[in-house]
Amino acid sequence: MGIEILGVLNLKVITTIFFLFLIYINESESGEIDLFIGSFNVAGFDLKLYETFAETMKNNRLDLRHWLFKPETKDSSQTSQTKDSNPPSPIYVIGLQELIEIKLPDKIKSLFKNLDEKMKHWGLFLLQTIQSKYESSDYMEIRKRKYGTVIYIFVPKSVWNTPGNLLNMDTDSIKVGSYLNGCGWDKGAVAVRFELYGISLCFICAHLTSYSEKINERNVDFKKVNDKILFKDQEISKKIADHDYIFFFGDLNYRINSEDCKVEINCLWDPLNCKTTDLPLKKLHEYDQLTLELRSNQDTIVDSKSVFMMGYREDDKIQKIIPTYMYEIELEQGYSNTGEKNLKWNTTSNPAWCDRVLYKIKTLKNPLSKITHKLQCLRYESVNGYLISDHKPILSTFKIVKENVVLEKKRRKK
C-alpha cells in the first residue's frame, strides 16, 4: 500500500517538474510570430469557371499573389536576392465569406451540397499560391466552416512539426443573424485558437447581418460571437476573451451613414467631377458605423452591458483604404490592375468599409511574468484589382514579438 502511494506521489512530482520545465522554456525564450490575415467575400464565385491553377497564374485571370504577397519593387527584389533568398514564412490566416449565395430558404439544401467541395477547391488554390513563393516551407492547412463562411490557417511545417511550438489547437463556430429578417441564411462565425511559443492566439472570421440600417443587429451578432464561442477541447474551456491576442475579421457589414455625406459619396463614384484631387476618404470615415461603435464602446463605463467591443481596436491605416464595397462584377476578366479613380462602382448601394480586421490584446495580469509582448501592424490594405465579387479583398500583416525582460536588461548592460 505504502509503495503504491509512493509511486503515485513520485509520478505527480515528475509530472509537476515536467510541466514546470515546459513553463520555464516558454518563459525564457524570445521569439517572433509573423501573421498574414486576409478576408474576401467572394460572392459565391466558383473556381471551376476558370482554368487549372497553373493556367490561372499564367493568364493572370485570378492571380492571388496580388493579395497574398507584398508587391515587389525593383529595389526590394534586388535586396531580397542579395540579402535573403529564403524570406521568413508567415502564418497565413484567411477568411472567405459567401462561398455560396443564399437568398431564399428553399434553395438551401441544394446549395449546401457543394459547400465542402468549394471549400476544398479554395483551400487548395490558396495553398498552391502560398507555396509558389515559400518553396522551401511546406505548409499545413487547418480549416473550419459555418455555412458559407470559412477560415483557413496555413502553418509552416517547420513550426507545426517542432515539439512544443504549436499546442492546444481547437475550433468552434456559431450561427448569427435572424432568419426572420431575410439576411441570416448565410451568416455565421468560425474561430480557431492555439498556443505558439507560449502565446495564446484566437482568430475569428465572421459574416454579420447585412443592410445599412441594421446596426443594432450587427452589434448583437458581434456580442453573441464573443460571448458564445467556446473552445471545449482544453483542460479548462476557454472563451475568446481568455487569449493573449484576438483577431476578429471578415465581412462585418458595417456601413457609412450616407445621409450625412452624400457629396463625398458622389465624389467617390465620380472622381473626375470631384472638386478635390484626393478622394474624400478621411471625411467619409467620420461617418463609418464601425468606427463610431468602437469609439462609443471605449468611452463607456466598464461595468455597462453595452460594452461589447471594449478593447478591440483597428489600425489607423483604415483611413487610407478605399471602401471595399460595392462594385460591379466582371467574371470574364477576373483581375485588372486599375487605378483607384477608375474603379467600377455599383451605385445601387452606397460604398462601405464592410471588410475589416480588428484586434485585441489581453492585459497581462501576472506581475511576476518576465515576458513582454509587442504587436506591430505592418500593413492594412485592400486590393482593388479583383473583379470576381462586389467586394474587394483586404489584408493585414502583423508581427508579434515576445521578449524576455531579464535577457533584454542583460543585453543593455553589455
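Which residue does the side chain of asparagine 253 join through a polar contact, and at what distance in Å?

Tutor: This is a predicted model, in which local features need pLDDT of at least 70 and side-chain atom pairs count only at pLDDT 80 or more, while totals for chains, interfaces and linings use all residues. Residues are numbered from 1 along each chain as its sequence is written, and side-chain values use heavy atoms, with hydrogens and water left out.

The side chain of asparagine 253 makes a polar contact of 2.9 Å with that of arginine 255. A polar contact here is a pair of N or O atoms within 3.5 Å; within protein, one must be able to donate a hydrogen and the other to accept it, and residues adjacent in sequence count only if both atoms are side-chain atoms. Asparagine 253 is placed in the loop between β10 (245-251) and α9 (262-269); helices (H or I, at least four residues) and strands (E, at least two) are DSSP runs, numbered from the N terminus. Asparagine 253 counts as buried because its relative accessibility is 3% (buried means under 20% relative accessible area, exposed over 50%, partly exposed in between, with a 1.4 Å probe and protein chains only). Neighbours within four places in sequence aside, asparagine 253 is in contact (heavy atoms within 4.5 Å) with Lys187, His207, Leu208, Thr209, Ser210, Arg218 and Cys354. Serine 210 is 43 residues away from asparagine 253 in sequence, yet their C-alpha atoms are 5.5 Å apart.

Of these contacts, arginine 218 also lies over the face of tyrosine 254, at 5.3 Å from the ring centre. A charge sits over a ring if NZ of Lys or CZ of Arg is within 6 Å of the ring centre and within 35 degrees of the ring normal. Threonine 324 lies in the loop between α11 and β11 and is buried, with a relative accessible area of 1%.

Tyrosine 335 is in that loop too, between α11 (289-299) and β11 (355-361), whereas tyrosine 386 is in the loop between β12 (371-382) and β13 (394-404), so their pairing ties together parts 51 residues apart in sequence. Their ring centres are 4.8 Å apart with planes at 70°, so the pair is edge-to-face. Rings of Phe, Tyr and Trp (its six-membered ring) pair if their centres lie within 6.5 Å; planes under 30 degrees apart count as stacked, over 60 as edge-to-face and the rest as tilted. Tyrosine 335 is buried at 9% relative accessibility, and tyrosine 386 is buried at 1%.

Now the cores. A nonpolar core is a set of buried Ala, Val, Leu, Ile, Met, Phe, Trp, Tyr and Cys residues joined through side-chain atoms within 4.5 Å. The largest has 44 residues, and those with the most contacts inside it are Ile153, Leu201, Phe203 and Phe247. Apart from that core lies another, of 32 residues, which includes Phe45, Leu126, Phe154 and Tyr386.
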